[in-house]
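Please read them with the sequence and the model open.

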Amino acid sequence: MVELGLVGKPNVGKSTFFSAATLHTVEIANYPFTTIEANRAMAYVRRPCPHTELGVLCNPKKSACVNGVRLIPVELIDVAGLVPGAHEGRGLGNKFLDDLRHAAALIHIVDVSGSSDSEGNPVEKGSHDPLKDIEFLENEIAHWIADIIGRGWVRIARRIEAEKIKVESAIAERLSGLGISERQVKEAISSAELSEKPTHWTSEDILHLALHIRRVSKPMIIAANKADIVEVPRVKEFVEKCREKGYVAVPVSADYELALRKAANAGLIEYVPGDSSFKILHPEKLNTAQKKALDKIADFMRVYGGTGVQKVIEHTVFELLEMIAVYPVEDENKWTDKDGNALPDVYLFRKGATARDLAYRVHTELGENFIRAVDGRTKKILGHDYVLTDGDVIKIIAKK
Ligand SMILES: Nc1nc2c(ncn2[C@@H]2O[C@H](COP(=O)(O)OP(=O)(O)OP(=O)(O)O)[C@@H](O)[C@H]2O)c(=O)[nH]1
Ligand SMILES: [Mg+2]
C-alpha cells in the first residue's frame, strides 16, 4: 500500500485534510497540537477502469469502481505538528516522524492564509508569511534524517574508508528503515557535492546531504490550505513563489472538502470527490445558512477547479511518484481471476516496474517461478523485464 504522510506545523489543517480525504473522524481544533498520536486511514486515487472496454462490470476486491472510475486505496498518515527546533525537542519533538518511515511522499499542509504563527498559534490573518514555513519544515525533516545518518558517524566514516565500503551502501543501510535505497543515496551524495572522504564530513555536511536525500527519496507537494479565506491573487502569488522554489503547490480548502463529503453522505448533494462541482439534490431541505455556505463553496470550486484535496493526493501519486495502475488477471481473455471475478485487483507501481515486479507483488512464489506474462489486450507474450504501463491488464504464467 502506498503511504502518504501529511506534515506541517500545528493548526494548519492536517487533520481536516485527512478527515476530508478519508472521512475518518478525528479531532480538529483551532489550537496547536490537537493531534498527538498519528491517524491512519484510506484515501484513494482515481483511474479509468478497464472494465469499460470489456463490456461487463468488474468485481473489485480491495478497491472500488464507480461509473467506470476505479478508486484505488492509498494510506494517509496524519501526524502531530512540527515546530521550528523540533529536532532539539521543541513542541512534541520530531520522534513522531518515525510514523512516516514508510511514506513514499509527503504532503506539506501550509496555512496560506497566514493566520497561524510559526508554532501554530492563531494570529491575525495575513500576519505570518507562509513561505517561511516551507523552509523550516524542510530543515526539520532533514534533521530527522540526518540524526539517523549521524549517530556514531565518526566511527562509521573511519570504517568506510579503512574497509573501502561504498559510502552510499553504508548510509542506505542506516536508512533502510525509511525505505531509502542505495541508488537514491548515491544520487543525493552526488547532487550534494560532498567531499570524497566521509571522515571529513561535518554535521552541516550531513544535514545538507539529508536535505538532498529527502528530495530524491520522499518527494513533497505543498497543499496551500485555507485558501478559502484568502484573496485569489494572494493564493496565486504563493503558488508562483513555490514554483520558483521548485515545488508544486495546489490551492486547497480542506474545510470545504470536508463539508461537501459530509453533505454528500447525508444525501443533500451529489458530489464525487475530485470533481470541480456538485449538485444540490434537495434544495428544500437546506436552510439559508447552508445554501449560502454551499454557494461560497461552489464559487471557490469555479476559481480553482475543485477543493484541491483530491488533486493534491492524485498529483502526488501520479506526477511526483510517477505511479501507474496495473491489473493482474488469471484469464487473459475474460480478465478474471480463478473464481470468475473480473478485474479483481489493481496495484500501483512506480514507473519502470516490470512484469516480474507485478508477479512478486501478487505472490512471492509467482515472482520466483515466473515464466512469462501475457498482455490481456494484445495477447502478446511478455518477458520478465517487460516494463509495465498505466492501465495494463496482465496475466502471469509461472512454474507450478
Ligand atoms: N478556513 C479554513 N479553516 C480550516 C481549513 N482547514 C482547517 N481549518 C481550521 O484550522 C484549524 C486547525 O485544523 P486541524 O485540522 O486541527 O489542524 P492540524 O494541522 O491537524 O493541527 P494539529 O493537530 O494541532 O497540528 C481548525 O479550526 C480548522 O477548522 C480550511 O481549509 N479553511
Ligand atoms: Mg491534527
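1. Arginine 234 is partly exposed, at 33% relative accessibility. Here buried stands for a relative accessible area under 20%, exposed for over 50%, and partly exposed for what lies in between (1.4 Å probe, protein chains only). Arginine 234 makes a salt bridge with glutamate 231, and their closest N and O atoms are 3.8 Å apart. A salt bridge requires a side-chain nitrogen of Lys or Arg within 4 Å of a carboxyl oxygen of Asp or Glu. Glutamate 231 is likewise partly exposed, at 42% relative accessibility.

2. This is a predicted model, in which local features need pLDDT of at least 70 and side-chain atom pairs count only at pLDDT 80 or more, while totals for chains, interfaces and linings use all residues. Residues are numbered from 1 along each chain as its sequence is written, chains are lettered from A and ligands numbered from 1 in the order in which they are written, and side-chain values use heavy atoms, with hydrogens and water left out.

3. Across the whole structure, the search finds 21 salt bridges. One of them joins the side chains of glutamate 138 and arginine 214, at 2.5 Å from N to O. Glutamate 138 belongs to helix α3 and arginine 214 to helix α7 (residues 203–217), so this pair ties together parts 76 residues apart in sequence. Helices (H or I, at least four residues) and strands (E, at least two) are DSSP runs, numbered from the N terminus. Both partners are buried: glutamate 138 has a relative accessibility of 5%, and arginine 214 a relative accessible area of 3%.

4. Another salt bridge is formed by the side chains of arginine 40 and glutamate 75, at 3.1 Å from N to O. Because arginine 40 lies in strand β2 and glutamate 75 in strand β4 (residues 69–78), the pair ties together parts that are 35 residues apart in sequence. Arginine 40 is partly exposed at 36%, whereas glutamate 75 is buried at 15%. Both belong to a network of salt bridges that links Glu3, Arg40 and Glu75.

5. Which residues coordinate the magnesium ion (ligand 2)? The donors are Ser15 (OG) and Thr35 (OG1), at 2.0 to 2.1 Å. Donors are N, O and S atoms within 2.8 Å of the metal (3.2 Å for Na, K and Ca); water is not among the atoms, so sites may look incomplete. Serine 15 is in helix α1 (residues 14–22) and threonine 35 in the loop between α1 and β2 (39–48), 20 residues apart. Serine 15 is buried at 8%, and threonine 35 is buried at 11%.

6. Ligand 1 is surrounded by 23 residues, the closest being Lys14, Thr16, Phe33, Thr34 and Asp228. A residue counts here if one of its heavy atoms lies within 4 Å of the ligand. An oxygen atom of ligand 1 is 3.0 Å from a polar backbone atom of glycine 13, and an oxygen atom of the ligand is 3.1 Å from a side-chain N or O atom of lysine 226.

7. The largest nonpolar core has 69 residues, of which Trp153, Ile171, Leu175 and Phe238 touch the most other members. Such a core is a set of buried Ala, Val, Leu, Ile, Met, Phe, Trp, Tyr and Cys residues joined through side-chain atoms within 4.5 Å. Helix α3 (residues 130–150) supplies the largest share, 10 residues. A second, separate core of 39 residues includes Val74, Met323, Tyr327 and Val346.

Technical notes: A polar contact is a pair of N or O atoms within 3.5 Å; within protein, one must be able to donate a hydrogen and the other to accept it, and residues adjacent in sequence count only if both atoms are side-chain atoms.
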